[in-house]
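Hi everyone, thanks for coming.

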Amino acid sequence: MLTLLAAAVLVPFGARGEVTVPFPLSDVPYRAEATVHSPHGDAAAVKLCPEVFLMVPELCRVVLARPDWSPLTLKAGVVGHLLWTPDGRYLIGAGVNTLRLWNLSGGLRLAVPQGIPEADDAIRDARLTRLWLERGFLCAALHEDWFTDSGRVVRRNVTTVRYVLPTLRPLASMTLPAQGDREADCFRPSAESGVQVP
């Protein structure tokens with residue numbers, strides 16, 4: 001359980017102690033929106049966001065906390081989902097449409113999932129909606145809307161991309177027409193899918 005202090009959050013690590021993660025210095029108050037402990041309990045990712053709604057999501061940040069280490073603010077920390085690899089060596093984050101993978105020293109890799117290209121005159125709006133690990137690979141679901149300048153939607157797709165860890169090298173992707181909340185499977189192609197293997 002997290003303890004909120006006036007300008008910080010206290011992250012417990014059981015017998016290893018606790019780490020105080022200070023909020024960013026700002027005129028706007030911050031809150032700890034999410035805290036995700038690593039599988040071994042030796043690190044935690046704390047997502048800090050402004051308490052008031054702002055049109056600048058870049059103000060959210062992810063801080064890596066570890067016992068006996070100073071908290072480390074991670075680069076490109078604007079993410080909606082956070083996930084640790086099973087070995088606890090890497091933290092994965094899904095932004096609006098970009099994947100981030102950090103090591104425990106704060107090193108960063110980025111990947112941008114791609115669906116099936118649309119006509120040149122269509123505008124693409126893509127967002128990552130889910131992130132999960134399966135059979136040792138990273139799977140990312142991407143929902144895409146393609147629309148004209150006038151705002152008419154011409155296509156909706158859902159693409160699932162499978163990545164090799166820790167390189168974030170795309171291994172395969174599968175795209176389906178969007179229907180409700182369904183996702184393309186990370187491993188099993190279907191007859192209606194467009195399968196791409198880079």
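This is a predicted model: local features need pLDDT of at least 70, side-chain atom pairs count only at pLDDT 80 or more; totals for chains, interfaces and linings use all residues.

I'll go through some strands, then a few individual residues, and finish with the salt bridges.

Let's begin with an open one, made of four strands in the order 4-5-6-7, with antiparallel pairing. Which strands stand at the edges? Those are strand 4, residues 30-37, and strand 7, residues 72-73. Each has a single partner strand, so one side of each is left without a neighbour in the sheet. If you look at the strand 7 end, you'll see that strand 6, residues 61-65, is joined to strand 7 by two bridges, and they run antiparallel. For a specific pair there, find leucine 64: its bridge partner in strand 7 is leucine 72.

Strand 12 covers residues 123-134, and eleven bridges tie it to strand 13 in an antiparallel arrangement. One of the pairs to look for is isoleucine 123 with phenylalanine 147, which is in strand 13. Between strand 12 and strand 13 the hairpin has two residues, and in that hairpin arginine 135 takes a positive phi near 55°.

Strand 13 then pairs with strand 14, again antiparallel, this time over ten bridges. Here you can pick out histidine 143, which stands opposite valine 158 in strand 14. The hairpin between these two strands has five residues, and glycine 151 has a positive phi near 95° there.

Strand 14 runs over residues 153-164, and threonine 160 is in it. Buried or exposed? Threonine 160 is buried, at a relative accessible area of 1%. Look at what surrounds it: threonine 160 touches a whole list of residues beyond its sequence neighbours, including Trp132, Cys139, Ala172, Met174, Glu183 and Cys186. The other one, threonine 159, is in strand 14 too. With 0% relative accessibility, threonine 159 also counts as buried. Its side chain has a polar contact of 2.7 Å with the side chain of threonine 175.

Next stop, tyrosine 90. You'll find tyrosine 90 in strand 9, which spans residues 90-94. Its relative accessible area is 16%, and because the cut-off for buried is under 20%, tyrosine 90 counts as buried. What does tyrosine 90 touch, leaving aside residues up to four places away in sequence? The answer is Leu83, Trp84, Thr85, Leu101, Trp102, Asn103 and Pro166. Proline 166 is 76 residues from tyrosine 90 along the chain, yet their C-alpha atoms are separated by 7.7 Å. The tyrosine 90 side chain also makes a polar contact, at 3.5 Å, with the side chain of arginine 89.

Last topic: salt bridges. How many turn up in the whole structure? Five.

Asp125, Arg127, Asp145 and Arg156 are linked in a network of salt bridges. Within it, arginine 127 and aspartate 125 form a salt bridge whose closest N and O atoms are 4.0 Å apart. Arginine 127 is partly exposed at 32% relative accessibility, and aspartate 125 is partly exposed too, at 36% relative accessible area.

That's my tour. Happy to take questions.

Note on methods
Residues are numbered from 1 along each chain as its sequence is written. Side-chain values use heavy atoms; hydrogens and water are left out. Buried means under 20% relative accessible area, exposed over 50%, partly exposed in between (1.4 Å probe, protein chains only). Contact means heavy atoms within 4.5 Å. A polar contact is a pair of N or O atoms within 3.5 Å; within protein, one must be able to donate a hydrogen and the other to accept it, and residues adjacent in sequence count only if both atoms are side-chain atoms. Two strands pair if DSSP finds at least two bridges between them. A salt bridge is a side-chain nitrogen of Lys or Arg within 4 Å of a carboxyl oxygen of Asp or Glu.
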